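Me: Could you walk me through this structure? I'd like to go piece by piece and ask things as they come up.

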Amino acid sequence: MSLPIVEIDDRSGFCNGVVSAIRKAEEELDAGTRPLYCLGDIVHNSDEVDRLCAKGLVTISHADLEKISSANVLLRAHGEPPATYDTARRNNINIIDATCPVVLALQRRIKETYTTSPNTQIVIYGKSGHAEVIGLVGQTDYHAIVVENIDSLNRVDFNRDIALYSQTTMALDGFRAMIEEIKRRKAPHTSFTYHDTICRQVANRVDHLKRFASSHDVIIFVSGAKSSNGKVLYNECLSVNRASILVSNASSLNFEQLTGAGSIGICGATSTPRWLMEQVRDTVIQILTANHNQ
């Protein structure tokens, strides 16, 4: 009996913003920039963070940023609020800005709305407490309202004008549902504008990923526990293939999970490095080969 086919999804892995941030970190480290601090995990994947830490990248918190001076600090792709830049100027910190261009453009749009339309409520569809969302809310002096689902719209005043934006990695279906619900509930005399700011590089993966997941007997989805995008994409796989397994790396894999599969697909989040998916693939092949030869 032949071994199952094992395939890595060619569209999974780092988005352009993450690729750029990691490249900037590696360039600085290769040039001898020491120490090189990163404000928060450079990507929501602990294996990739550990790899870069071994090269000399030091992850710090916002509280740490207040205490250091005359240092080199990399800002990750998620972006930062204006307060972070204020702290850097005050402490003579050299900022290496790796904010994703898509996120940066969104920050500017929100800032413009806040500045030019002070009476408009700015509502952001996103994950409360997510690094990108904190940066977006900071553009409004923290007045924007963050909504994660329809229930959280109860915090919005529907008798006032509303401008709706979205975190770049949210699901399009959820954003559309927000638009329709706000339209239904807003007072007739109010203005409602909405801005589809979801990154298409991320959003366009969903349909492809569903096709990939449905074309294999077993799906192994590789994602860090902190990845918001990973949770969304894994659930998309699960919706079309109940034999979808979520792992952070190869260490949790076993033969029982793979039993009876004729084909196995490996995919991941926008924060999942290619090398990690390849490591999972190699481990799967080792497990299958060992059991085949018994």
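Me: What kind of model is it, and what are the ground rules?

Reply: This is a predicted model, in which local features need pLDDT of at least 70 and side-chain atom pairs count only at pLDDT 80 or more, while totals for chains, interfaces and linings use all residues. Residues are numbered from 1 along each chain as its sequence is written, and side-chain values use heavy atoms, with hydrogens and water left out.

Me: How many helices and strands does the chain come to?

Reply: The chain has 11 helices and 12 strands, where helices (H or I, at least four residues) and strands (E, at least two) are DSSP runs numbered from the N terminus. Taken along the principal axes, its C-alpha atoms fill a box of roughly 70 × 55 × 25 Å.

Me: And what percentage of the residues count as buried?

Reply: Of the 294 residues, 53% count as buried, with buried meaning under 20% relative accessible area, exposed over 50% and partly exposed in between (1.4 Å probe, protein chains only). As for contacts (heavy atoms within 4.5 Å), among those between residues at least 6 apart in sequence, 71% join residues at least 24 apart.

Me: OK, helix 9. Which of its residues are buried?

Reply: Helix 9 covers residues 205–214, and its buried residues are R205, V206, H208, L209, F212 and A213. Seen down the helix axis, these buried residues fall within an arc of 160°, so they line one face of helix 9; the arc is that of the directions from the helix axis to the C-beta atoms. On the other side of helix 9, D207 and R211 are exposed.

Me: What covers the buried residues there?

Reply: The cover over the buried residues of helix 9 includes strand 1 (5–8), helix 8 (200–203), strand 10 (218–222), helix 10 (228–240) and strand 12 (263–268).

Me: Take strand 10 from that list. How many of its residues are buried?

Reply: Strand 10 is mostly covered, with 5 of its 5 residues buried. In a regular strand the side chains alternate between the two faces of the sheet.

Me: Which strands is it joined to?

Reply: Strand 10 runs parallel to strand 12, with 5 bridges joining them, and I219 stands opposite G265 in strand 12. Strand 10 is also joined to strand 11 (residues 244–247), again in parallel, by 4 bridges, and there I220 stands opposite I245. The pairing rule is that DSSP finds at least two bridges between the two strands.

Me: What handedness does the unit with helix 10 have?

Reply: Strand 10, helix 10 and strand 11 make a right-handed β-α-β unit, right-handed being the case where, with the strands pointing away from the viewer, the path from the first strand over the helix to the second runs clockwise.

Me: Where else is there a crossover of that kind?

Reply: Strand 4 (residues 72–75) and strand 5 (residues 94–97) pair in the parallel sense over 4 bridges, with N94 in strand 5 as the bridge partner of N72. The chain crosses from strand 4 through helix 4 (residues 82–90) to strand 5, and this β-α-β crossover is right-handed.

Me: Back to strand 12: is S263 buried or exposed?

Reply: S263, which is in strand 12, counts as buried at 11% relative accessibility. Its side chain makes a polar contact with the side chain of H216 (3.4 Å); a polar contact is a pair of N or O atoms within 3.5 Å, where within protein one must be able to donate a hydrogen and the other to accept it, and residues adjacent in sequence count only if both atoms are side-chain atoms. Not counting residues up to four places away in sequence, S263 touches P4, I5, S215, H216, D217 and V218.

Me: Last topic, cysteines. What does the disulfide count come to?

Reply: The count comes to 0 disulfides, a disulfide being a pair of cysteine sulfur atoms within 2.5 Å. The sulfur of C267 is 4.0 Å from the closest cysteine sulfur, in C237, which is too far for a bond, and C267 is buried with a relative accessible area of 0%. For C53, the closest cysteine sulfur is in C38 at 8.6 Å, also too far for a bond, and C53 is partly exposed at 34%.
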